[in-house]
Amino acid sequence: MKLLWVEDERRIVEEGTLFLEQEGCKVTHAATSEDAVELLNQGTFDLLLIDWMLPGQQGIDLCKEVQSRWKVPVIMLTARTDEWHKVIALEIGSDDYITKPFGMRELLARIKAVLRRSGRSQHNPAEDMNSQVIQIDGLVIDAHRHEVSKKGLRLQLTPTEFALLHTLAKQPGRVFSRLHLLEQALGDAYLGYERTIDSHIRNLRSKVEDDPANPLYIVTVYGIGYKFGGS
C-alpha cells in the first residue's frame, strides 16, 4: 500500500516510516500541505496521513482539498483531544483520526481498517462470493464495485460512509445501536468511539437523503441508534 504522510515533525515520520515499511507499506513524506499537493499531482496514493497543525495551509484544509479533488481516504493525526476537534475532522471528510501520542500498531490497524472499507486493500477472491448489489427505493449499493448511486447519479461517499450505509442497508428495518453499528461496519479497532458514528451519519444523510432533516433511508431510533428505513 502506498501512503502519503503529511507531517512537519520529522522524528514522528522517521519512526513511523521504519515500522510501516517493515509491515509492507511504502511511505512518502511531505512536510507541508503545498508539498503534499505537488506529490498528489504527480502520483497516486492509497491513503493519506495528515497532521492537523502544519506550517502554511492547515491539515484540515488539505483534507477538504483532498476530498474534493482526489477522493483518497484520509486519517487525521492531531494532538487535540477535545471532542469538538474530533467531530470537525470527521465532518470535513476524514475517514478516521488518531490522537497523539499514538502507538504504531494502532496506527497500522487504523490504516488497514480504512483501506478495507475503501476497497483498496489487497484483493481477496473470497469476498467476491459475498458481493452483492442492493437496490432499494432508487438507491443502488454495489459492494463489489464499492459504488453508490441514487436515481442514476453516482454519489461520492467516503469509505467510512459507504461501510455504514452498506451495513444498514443489508438488513433494512433492523435497529443497530451505535456500538453494534461500529463493530459491524468499522471493526473492533474503533471500539470506544461510538459517538463518532453521529458525525458520519450526518454527512451520509447530506449525500443520500432528499431532505436530511427528514430522512427516509437512514432513520434515527431515539435512545437506541439507527436503522435503514427503505422499503
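Me: Which residue meets E7 in a salt bridge?

Reply: This is a predicted model, in which local features need pLDDT of at least 70, side-chain atom pairs count only at pLDDT 80 or more, and totals for chains, interfaces and linings use all residues. Residues are numbered from 1 along each chain as its sequence is written, and side-chain values use heavy atoms, without hydrogens and water. A salt bridge here is a side-chain nitrogen of Lys or Arg within 4 Å of a carboxyl oxygen of Asp or Glu. At 2.8 Å, N to O, the partner of E7 is K100.

Me: How many residues apart are E7 and K100?

Reply: E7 is in the loop between β1 and α1, and K100 is in the loop between β5 and α5; helices (H or I, at least four residues) and strands (E, at least two) are DSSP runs, numbered from the N terminus. The pair links distant parts of the chain, and the separation is 93 residues.

Me: Is R110 buried or exposed?

Reply: R110 forms a salt bridge with E106, the closest N and O atoms being 3.3 Å apart. Buried means under 20% relative accessible area, exposed over 50%, and partly exposed in between (1.4 Å probe, protein chains only). Because its relative accessible area is 2%, R110 is buried.

Me: Which residue in β12 stands opposite V219?

Reply: Strands β11 and β12 run antiparallel and are joined by 4 bridges, where pairing requires that DSSP finds at least two bridges between two strands. They form a hairpin with 3 residues between them. Opposite V219 stands K227.
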